[in-house]
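Student: Could we go through this structure together? I would like to discuss a few local features in turn.

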Amino acid sequence: MKTMFRYMAKYWYFAVLSAAFMIAEVYVDLMQPKLMARIVDEGILGTDVSLVISIGIRMILVVVCGGLCGILSGVFANITGENLGNDLRKSCFKKIMHFSFSQTDRFSTGSLVTRITSDVSQVQGLCKQMIRGFVRCIMFFIGGTSALLSLDMSFGVIVACAFPLIILDVVFIVWKTNPLFLVLQKALDRLNSIMQENVNGIRVVKAFVQEKTETEKFSRANEHLVDTQFKVQMLLSFLRPVMNIVLNLAVVGIIFVGSKGVQKGDMAPGSVMAAITYISQILNGMMMLAMIFQTLSRGTVSAKRLSEVIKAESTIADGGLEKSGSSELGSISFKNVGFQYDGGANPVLHDINLEIKPGETFAIIGSTGSGKTSLLNLIARFYDCTSGCVEVDGVDVRKYNLNALREKVSICLQKSELFSTTIKENISIGKPGASDEEVFEAAKVAQAHDFIMQQKDGYDTAVAEGGMSLSGGQRQRIAISRALIKKSGILIFDDSTSALDLRTEAALYDGLKKYRSGVTKIIVAQRIASVKDADRIAVLDDGTVCACGTHNQLMETSPVYRDIYESQLKVNVDGGAR
């Protein structure tokens, strides 16, 4: 909660104004019973019509003032709550954008969506309740009790009997519901995760006719959420009825004590009416306090979940170095590198030693699961190696400022992630503010220009979420265009041409030689045909480099490479490819 109060402190003056206007509104409400008592005792029973009219007009004016105070209190509370929610969402999103891949994996996408939406809303509601509701409850209890006792001290016995019953009711309900709110939010996390996975993977679901299975999975998660909500609501449903019973018993007590006083002549009928109103205000204030405790329970759980995101420090620490000072820009070195994912049973990479020269076209090939993508992720520090070091331009990547390091590297990932905006804007992500000529040039090299121009709106064609309106090959070519336009010293293709036919892939690499002749290129591929013309090829097997050399050298010296070649190209007995 300290984190939430720190964000709220920025808008303290709105909170103070809301509380002040709420105090004024409650003060007006507390004035009404005594004014009504005067009308009954002095005006009606005393047959003074002018007094009834004058006090009635005063009550109307007071009520109008109280209503205005209530409106202003609500306005300032909403300003505080909405600004708090705005800041929390922006802070959480900014923090998420700086998470390492391992942190994103740990939180899960569904949980982060829930936190930045549902949890923020819960904290906003808590903020508004604390500013208005809490002040109102305390004022009604203190002011109402004082006003009630000023009418007759004997009414204090009724308050003393009713108050502990209400406190016990509130404490019991809060004690039972508080643990369930964390379960509730986690159930919502799970539901959001399933929804997000199925929307993103809808084509797979349909292709394998898994609609029924996924619907059942969603139904189970939804039923768990509903069951948890039902338990919470069942417990909360006892709160108001118990309080209403206590309230009605207290009213009966006031009438009983008041009637005795009226009979003895110690109390006026108007005072009894005022006492009934005061006890109702006091106990209604307590009922509202109970609802605040409910909101507090759920809001506290949500605040803790948001604090986990806001306080999380990236596991990839910024080194601070802006540039290396080396004359050989584009060089990469792996020195005794080992890597293991958090929670992984075995290392993914071990004993990696590689030297990639500036301007070299370096290829990496290996079987599925051999660690190719994991190796590339270490260059831009998406993950940090667990042993050894990776150097870019002669400097350990951990010493670089992260932005400076990633400006040196342009990556076309294995999965072509596109955003729901235009094709042009998707390409321009690689270089914000790029001219149309630069966008067109990069698209032409990536063999994307022709199919883009065939679209209805050309480069201004809107892309569906996740790029679902385009084919796999089209998505890959747009992603390649985005990587090319960045014009970094190191260009990485992580199996990013797998959806392209060999002719298009060959045209891409030919165009790349002219477009970026001096850039260091790292190509990860499954196909021998995609890498055989590289300056050198590293063969990964079981998480380490088992061979490195040219295509011809590897065909002579590496059984692993030769097996891949033969399995793909079906070499005949005479050695000729068919």
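**Backbone, rings and helix packing**

Tutor: R381 is buried, with a relative accessibility of 2%. Please keep in mind that this is a predicted model.

Student: Where does R381 lie?

Tutor: R381 belongs to the loop between α11 (372-377) and β4 (387-392).

Student: And what is the phi of R381?

Tutor: R381 has a positive phi of about 60 degrees, although it is not a glycine. Most residues other than glycine have a negative phi.

Student: What about D542, then: where is it found?

Tutor: D542 sits in the loop between β9 (536-541) and β10 (544-549). The phi of D542 is also a positive value, near 55 degrees, in a residue other than glycine.

Student: Is D542 buried or exposed?

Tutor: D542 has a relative accessible area of 63%, so it is exposed. R381, by contrast, is buried at 2% relative accessibility.

Student: Let us change topic. How many aromatic pairs does a search of the whole structure find?

Tutor: The search of the whole structure gives 12 aromatic pairs. One of them is F99 with F107, a stacked pair with 5.3 Å centre to centre and 5 degrees between the planes.

Student: Are F99 and F107 buried or exposed?

Tutor: F99 counts as buried at 8% relative accessibility, and F107 counts as buried at 7%.

Student: What can you say about the rings of F440 and Y459?

Tutor: Their centres are 4.7 Å apart and their planes stand at 50 degrees, so the pair of F440 and Y459 is tilted. Stacked would require planes under 30 degrees apart, and edge-to-face over 60.

Student: Which parts does that pair tie together?

Tutor: F440 lies in helix α14 (residues 436-445), and Y459 in the loop between α15 (449-453) and α16 (472-486), so the pair ties together parts that are 19 residues apart in sequence. F440 counts as partly exposed at 30% relative accessibility, whereas Y459 is buried at 5%.

Student: Which residues form one aromatic cluster?

Tutor: One aromatic cluster is formed by W12, Y13, F14, F21 and F76.

Student: On to helices. How do the axes of α2 and α10 cross?

Tutor: The axes of helix α2 (residues 12-44) and helix α10 (residues 269-311) come within 7 Å and cross at roughly 160 degrees. That angle makes α2 roughly antiparallel to α10. The crossing of α2 and α10 is right-handed.

Student: Which residues meet there?

Tutor: From α2, the residues are D29, L30, P33, K34, M36, A37, V40 and D41; in α10 they meet P269, G270, S271, M273, A274, T277, Y278 and Q281. By class, the contact of α2 with α10 has nine nonpolar, four polar and three charged residues.

Student: With which residues is F334 in contact, leaving aside its neighbours within four places in sequence?

Tutor: F334 is then in contact with I352, N353, L354, I356, L375, I379, C389 and V390.

Terms used: Residues are numbered from 1 along each chain as its sequence is written. This is a predicted model: local features need pLDDT of at least 70, side-chain atom pairs count only at pLDDT 80 or more; totals for chains, interfaces and linings use all residues. Side-chain values use heavy atoms; hydrogens and water are left out. Axes are lines fitted to C-alpha atoms, for helices over the stretch in contact, and angles run from 0 to 180 degrees between N-to-C directions. Helices (H or I, at least four residues) and strands (E, at least two) are DSSP runs, numbered from the N terminus. Angles under 35 degrees count as roughly parallel, over 145 as roughly antiparallel, 65 to 115 as roughly perpendicular and the rest as oblique. A crossing is left-handed if the near helix is turned anticlockwise from the far one by less than a right angle, and right-handed if clockwise. Contact means heavy atoms within 4.5 Å. Ala, Val, Leu, Ile, Met, Phe, Trp, Tyr, Cys and Pro count as nonpolar, Asp, Glu, Lys and Arg as charged, and the others, Gly among them, as polar. Buried means under 20% relative accessible area, exposed over 50%, partly exposed in between (1.4 Å probe, protein chains only). Rings of Phe, Tyr and Trp (its six-membered ring) pair if their centres lie within 6.5 Å; planes under 30 degrees apart count as stacked, over 60 as edge-to-face and the rest as tilted.
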